[in-house]
Amino acid sequence: MNRTQTHTRYTTLILGTIILTLTLTSIPTHATTTTRQTIITTGTSIQHAIDTATPGDLLLINPGTYTEPLTITTPLTLQATTPDAVHIIPTTTCYYTITITAPHVTLNGLTIQNPSPNRYATAVSLCAPHTTITTCHFQNTSLGIACWAPNTTITTSTFTNCHDEGIALLGIPDTPLTHIFITDCTFTHNCDGIELQCTSHTQIHHCTFTNNTHAGIDAINTDNNNNHITNCQFTANQLGIYLANAANTQITSSTFTTSPAYFTHATDNDLTNCNLDHLTLQDRTTLTLRLCQAIDPSHITQIDSTLT
């Protein structure tokens, strides 16, 4: 074999090896990750299923009433097999019915109560980020959800007869809670529907607030800034919204019926395309109204504040 033939042969071999390698690399393996499912029935322990779960597990709960408080320490989904038919009501005195300490937890389709006489008895204590709560019902408790963690989504849920708040968003001064999304929820017969404590960049959309004895939404403490409230309805609340020490709140396309809007020491807030029947501004508040239905001047109280 001459040198030219040898070179050609080796070149062909090398090119063939490269092509084979690239072909094998491009062949899909079709590897899939299967979510492990566990079915829970009445008379069995949800907590035991949680304790033996692995990250990403789906725990499916059959209809019934379950009476143990729960602590979730693993990323997982806790889901009712039949919506509105799974009730978690502890029979022992406890501060929290469900405590979430792991990120990436989902609660779906549960009815959660905490009838404990403790002043701050809470249905869900949420202490880890990236939690999703959807289509759940919070009833007959002091607090529905006490949220201490950012990046939380709460959607299509109801809050009824929460003696303190339906949802309390609990940041701390100079370290506000951020990026909370609350959408398509209903708040009825609570003290406050949603309370903001040191919370920023919260989105509250398409929610209804009815017959709450203090406020549909209230903001207290400091650092309640840059929050957005859109397409909400406030009806027959003592106050539709109460903002104290809140800045740069954007409220758009919302209706306040027999639910006054109250701002105190709240700066650079904005109401756009809203219907209001009563408005109070005091203590160096600044508020801009844009494209809002005209308010009877006798229904506006303005003390040491600026309305434009």
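Q: Before the aromatics: which rings count as a pair here?
A: Rings of Phe, Tyr and Trp pair if their centres lie within 6.5 Å. Planes under 30 degrees apart count as stacked. Note that this is a predicted model.

Q: OK. How many aromatic pairs in the whole structure?
A: Seven.

Q: What does the Phe 159 and Phe 187 pair look like?
A: Stacked. The centres are 4.8 Å apart, with 5 degrees between the planes.

Q: Where do those two sit along the chain?
A: Phe 159 is in strand S14, and Phe 187 is in strand S17 (residues 186-188). The pair therefore ties together parts 28 residues apart in sequence.

Q: Is Phe 159 buried or exposed? And which is Phe 187?
A: Phe 159 is buried, at 0% relative accessible area. Phe 187 is buried too, with a relative accessibility of 0%.

Q: Which residues make up the aromatic cluster?
A: Phe 138, Phe 159, Phe 187, Phe 209, Phe 234 and Phe 256.

Q: What does Leu 107 touch?
A: Leaving out residues up to four places away in sequence, its contacts include Ile 72, Leu 78, Ile 98, Val 124 and Cys 136.

Q: Is Cys 185 buried or exposed?
A: Buried, at 1% relative accessibility. Cys 162 is also buried, at 1%.

Definitions and conventions. Residues numbered from 1 in each chain as written. Predicted model: local features only at pLDDT ≥ 70, side-chain atom pairs only at ≥ 80, totals over all residues. Heavy atoms only, no water. Contact = heavy atoms within 4.5 Å. Phe/Tyr/Trp six-rings, centres within 6.5 Å; stacked < 30°, edge-to-face > 60°. Helix = DSSP H or I, 4+ residues; strand = E, 2+ residues; numbered from the N terminus. Buried < 20%, exposed > 50% of the residue type's maximum accessible area, 1.4 Å probe, protein only.
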